[in-house]
Amino acid sequence: MIRLSVFTVCTPDLTPEQVIHAAHAAGIDGIEWRYAGIPADAMEEAPSFWRHNRCSITPGTDAQQLSQLRELSQQHQVQSIALVPYLKCGDLDAAQQAFATGQQLGVSMMRVGVPWYDGTHHIDELQQEAVRYLSAIQDMAMTYGIKALIETHHGSIAPSASRAMRLIDGLNPQHVGVLYDPGNMVHEGFENYRMGIELLGPYLAHVHVKNAAWRQQDGQWQCQWAPLHEGIVPWEAILNILLENGYDGYLGIEDFSGQWASAELLQQFASTFRSFIQSPKLEANS
């Protein structure tokens, strides 16, 4: 059964405690915690996705606070499903520290790093670096009981499902998987959705939900974030493909359009995607 979750990067105006209440009120089943600090010079700024994000868990948060957050989630029947740090490929110390935090929160998944591609290093060099790192990450994932995820992300060496598979093929899908993000693939990495989902097979561990569109501005084409129902990604069709391929994980909202305040965003997401999931066409494939 497909369930819904929220990645707290897109709820920057809420505190962790408030997002638990908001998720419960919207009928959302899981939370993916943004794991990053707030820069000192951003503390007086208005809440924002990547700087003053009040809904983040800060590295170094003590065990008591993590335990309290875990208990509050359980009380509201909202599962902490993932920790989402911003790890650099090759930094195993930071990865181990994040795994330990994820274990304290009781998560089952954690995003790990892959190299970015800017043309200054040959792709073969970056590929080898990533494969070595992910092999060591697999060992950590086994130790901590948390599946490590690489994300299909523009600007990285894994912008598509097929490129992600080049990095993890041969690793154990019980311990290493892919966070599939079609919204990112509007920017870079588009390939046939059905083919990509079929290629991932047992490595498909999680799906992020957002949208984007190409627009012409000052004579130049630019890719910009868009509301869920206005972008290029055909979400109802993708849900159909996911169900046809036996996907029974989470759909995690990560909307950057700024169209709604956080609590309203969660309500809109839950309402829209539950109607998709419960449509006759999709139910026939579930």
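A residue is termed buried under 20% relative accessible area, exposed over 50% and partly exposed in between (1.4 Å probe, protein chains only). The model on display is predicted: local features need pLDDT of at least 70, side-chain atom pairs count only at pLDDT 80 or more, and totals for chains, interfaces and linings use all residues. Numbering runs from 1 along each chain as its sequence is written, and side-chain values use heavy atoms, with hydrogens and water left out.

Select Phe-256 first. With a relative accessible area of 10%, Phe-256 is buried. The structure contains nine aromatic pairs, a pair being rings of Phe, Tyr and Trp (its six-membered ring) whose centres lie within 6.5 Å; planes under 30 degrees apart are stacked, over 60 edge-to-face and the rest tilted. Display Trp-50 with Phe-256: the ring centres are 4.7 Å apart and the planes stand at 50 degrees, so this pair is tilted. Trp-50 has 45% relative accessibility and is therefore partly exposed.

Proceed to Trp-235, which is buried at 3% relative accessibility, and to Phe-273, buried at 1%. Their ring centres lie 6.0 Å apart with planes at 70 degrees, so the pair is edge-to-face.

Finally, select Arg-111 and Tyr-86. The charged end of Arg-111 sits over the Tyr-86 ring, 4.7 Å from its centre; this description requires NZ of Lys or CZ of Arg within 6 Å of the ring centre and within 35 degrees of the ring normal.
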